[in-house]
Structures are given as C-alpha cells and as structure tokens.
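This report describes one predicted model, moving from its domains to its sheets, a helix and the surroundings of a ligand.

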Amino acid sequence: MKNEYKILEIKDIIINTQTIKTFIFDWKMEKDEIPNPGQFMMIWNFNGESDEKPMSVSKIDLDNEEIGITVKNIGEFTNNLHSLKIGDELGIRGPYGNHFKLNGDNIIAIGGGVGMAPLRSFVEHAKSENKNVDVVVASVTQCELLFEEDFKKLGVNVFTSTDDGTCGYKGFATHRTIDLLKSRNYDMAIVCGPEIMMKGIFNILEDNNIPGQYSMERYMKCAIGICGQCCVDNTGWRVCIEGPIFSSEEIKQITEFGNYHRNGAGIK
Ligand SMILES: Cc1cc2nc3c(=O)[nH]c(=O)nc-3n(C[C@H](O)[C@H](O)[C@H](O)COP(=O)(O)OP(=O)(O)OC[C@H]3O[C@@H](n4cnc5c(N)ncnc54)[C@H](O)[C@@H]3O)c2cc1C
Ligand code: FES
C-alpha cells in the first residue's frame, strides 16, 4: 500500500453531464500502484484549500498508463475540483481498499448517479475477460445518465432508467432490476449508488438468490486504516481497508447499511 502523494497535472477533463466531470492523469503502472476496479484514490486539492477526499477509479488504461476519476459537483470540495483546468495540479495517493472480484459469468452491474464511476472500470475489465454483462444505468433525469455511451461502445447491454422517465424506463433502479429479472438470469451483481438504493437492490437480489458485491461510502480521513473514522457498526470493518466493496454475506452483518452513517465528527 502506497501512502505517498504524487503531484500530478490534470491531463484531460471530460464533461460527462451538467454536474459530473472525469479527470484524467498519467499514472505509472508499477506493481503496487496498478488500481483494480472498485479501489479508490485520495485526492488532495491544494489549489486554495487543503482538504482531501476519496474518489473511485473510473478509468484504468494500462496501455496508455492513464487513470481517471469521475467527480460529481455536490459541495465545496467538488465545486473547487470542477473549477480546475487541464494542466492544474492535484495531490493523489493510492490506490486504496479492496476491489470487485470477477466472479460469475452472467453479471449485472447496477449503478445510480455517480455510483457508475467504479462500475465503469469493472465493466471494462469484465468484458476483456469475455463475461456477459448487463448494465443498469440509473439517474434522476436523462441528462444525468453517466457512461451510457461508454458502456454501449464496450458492447454490453445497457438498460437505462430515470426517475422522471426522460430516458428509458420510468422509475428507480430497483424497479428496473425487478423488471429485468423476470426475463434474464444472473450469477453475480455489482452495485454502487446511494445507500438507500443499494439497500433496495440488496433485498431484491436476496429474494432472487443472486450474490452481490456492494461499494460502500463512509466519511474518510486517513484511508490507511489508522483513524477509525470509516468503521461500520461494531464489525470492526474499516471501509478504507476491509471495504469499500462488501459481499452480500458481509452486508447482512452491517446493521447501519441503508439506515445511517457518521459525519466527519463521528456523529450519526
Ligand atoms: C470509497 C469512496 C469512493 C468515492 N468515490 C466517489 C466518486 O467516484 N465520485 C464522487 O463524486 N464522489 C465519490 N465519493 C464521495 C466523495 O469522496 C465525497 O464524499 C463527496 O464528493 C463530497 O463532496 P463535497 O465535499 O464537495 O461535498 P460536501 O457537501 O462537503 O459533502 C457532501 C457529503 O459527502 C460526504 N463526505 C464529505 N467528505 C467526505 C470524506 N472525506 N469521505 C467520505 N465522504 C465524505 C458527507 O456525507 C457529506 O455529507 C466517494 C466516497 C468514498 C468513501
Ligand atoms: S479513513 Fe481512517 S481508518 Fe478508514
């Protein structure tokens, strides 16, 4: 595990939606620095502030030695990131955490909003290993659907759903999933999105005996297992070390899943 910062120039910025941008960096793919789908980086923005936040790796390009992170503008830190330009510098350390396992042959990947970020690198990897992959891309409205075109280019089946019905199925990712399961079979599910959505998906997948891997978010400070900020329940699991990916069997033991989380001060 690497705990040193690299100070890297932003190589490219892709505008994905009105609120989401992908930042590309050159990244030397040395042994312990090659990210796996599901892992995250700590991003330090020293351009006028000194905060750092975890961001999933959405793009892992081994050939061109590039990585990408995909950021939704929701608050002060992410708004500052969105104001940066190509050539500006950021501090990056990682990769951290565990990663999605490539189990199963018929896989459904279900993501909501910016939760598509870690799914993008997973789906790319799964396709390169000749797995059958269906992707549910869900968002509140059409203009916020993330990576729909990237997935289509990869040759996977894409099923969109929007809460307001402006693109694809009208309804939540949960409803879309129930509908798909009437006609399609899967032996593994990969899930990332708002926790309330993931809890709904978890219940559906359990009812259908489909094992899942869920990417959890908790407030992080050190990201290397020392501060205890990201512990869940009294399991002793730290989301930055034992997570962020948890299996269905582990999710069953996390009673706070879909119910509450703690802020930076440790308050529920
Ligand atoms: C493993 C992991 C992977 C993530 N991947 C992505 C990603 O790919 N793209 C993306 O846009 N966001 C991702 N996030 C969320 C991101 O780290 C920040 O939480 C979010 O961007 C906060 O933005 P803000 O500070 O501008 O907003 P704020 O308004 O300050 O915060 C909004 C909310 O974000 C949460 N948050 C704030 N700081 C942290 C922190 N240090 N650690 C965890 N949660 C925090 C809090 O719940 C807070 O209420 C990930 C989080 C985790 C834990
Ligand atoms: S963020 Fe410090 S232990 Fe996980």
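The sections below take up these topics in turn.

## Basis of the description

The model is predicted, and local features are described where pLDDT is at least 70, side-chain atom pairs count only at pLDDT 80 or more, and totals for chains, interfaces and linings use all residues. Residues are numbered from 1 along each chain as its sequence is written, while chains are lettered from A and ligands numbered from 1 in the order in which they are written.

Helices (H or I, at least four residues) and strands (E, at least two) are DSSP runs, numbered from the N terminus.

## Domains and their contact

The domain assignment, which is automatic or taken from a database, divides the chain into domain 1 (6-96) and domain 2 (106-215), and the C-alpha centres of these two domains lie 23 Å apart. Their contact takes 14 residues from domain 1 and 12 residues from domain 2, two residues being in contact if their C-beta atoms, placed from the backbone, lie within 7 Å.

On the side of domain 1 that touches domain 2, strand 5 and strand 6 each supply at least two residues, and strand 5 gives the most, with 5 residues. That side divides into 4 nonpolar, 8 polar and 2 charged residues, where Ala, Val, Leu, Ile, Met, Phe, Trp, Tyr, Cys and Pro count as nonpolar, Asp, Glu, Lys and Arg as charged, and the others, Gly among them, as polar.

## Strand pairing

Two strands are taken to pair if DSSP finds at least two bridges between them. Strand 7 (residues 89-96) pairs with strand 1 (residues 6-9) in the antiparallel sense over 4 bridges, and Ile 7 stands opposite Gly 91 of strand 7. Strand 7 is also joined to strand 4 (residues 40-44) by 4 bridges, again antiparallel, with Tyr 96 of strand 7 as the bridge partner of Phe 40.

## Helix 4

In helix 4 (residues 173-181), the residues Ala 173, Thr 174, Arg 176 and Thr 177 are buried. Seen down the axis of helix 4, the directions from that axis to the C-beta atoms of its buried residues fall within an arc of 160°, so these residues line one face of the helix. A residue is called buried if 20 or more other C-beta atoms, placed from the backbone, lie within 10 Å of its own, exposed if 12 or fewer do, and partly exposed in between.

The buried residues of helix 4 pack against strand 8 (106-112), strand 9 (132-139), strand 10 (157-162), strand 11 (169-170) and helix 5 (195-207).

Ligand 1 is surrounded by 20 residues, the closest being Ser 56, Gly 75, Phe 77, Thr 78 and Ala 117; a residue is counted as near if its C-beta atom, placed from the backbone, lies within 6 Å. Strand 5 (52-61), strand 6 (66-72) and helix 1 (76-82) are the elements that give two or more residues to this shell, and strand 5 gives the most, with 4 residues. The shell residues divide into 11 nonpolar, 4 polar and 5 charged.

Ile 69, which lies in strand 6, is buried, with 23 other C-beta atoms within 10 Å. Not counting residues up to four places away in sequence, Ile 69 touches Phe 23, Met 41, Ile 43, Met 55, Ser 56, Val 57 and Ser 58. The C-alpha atoms of Ile 69 and Ala 117 are separated by 7.5 Å, although these residues are 48 residues apart along the chain.
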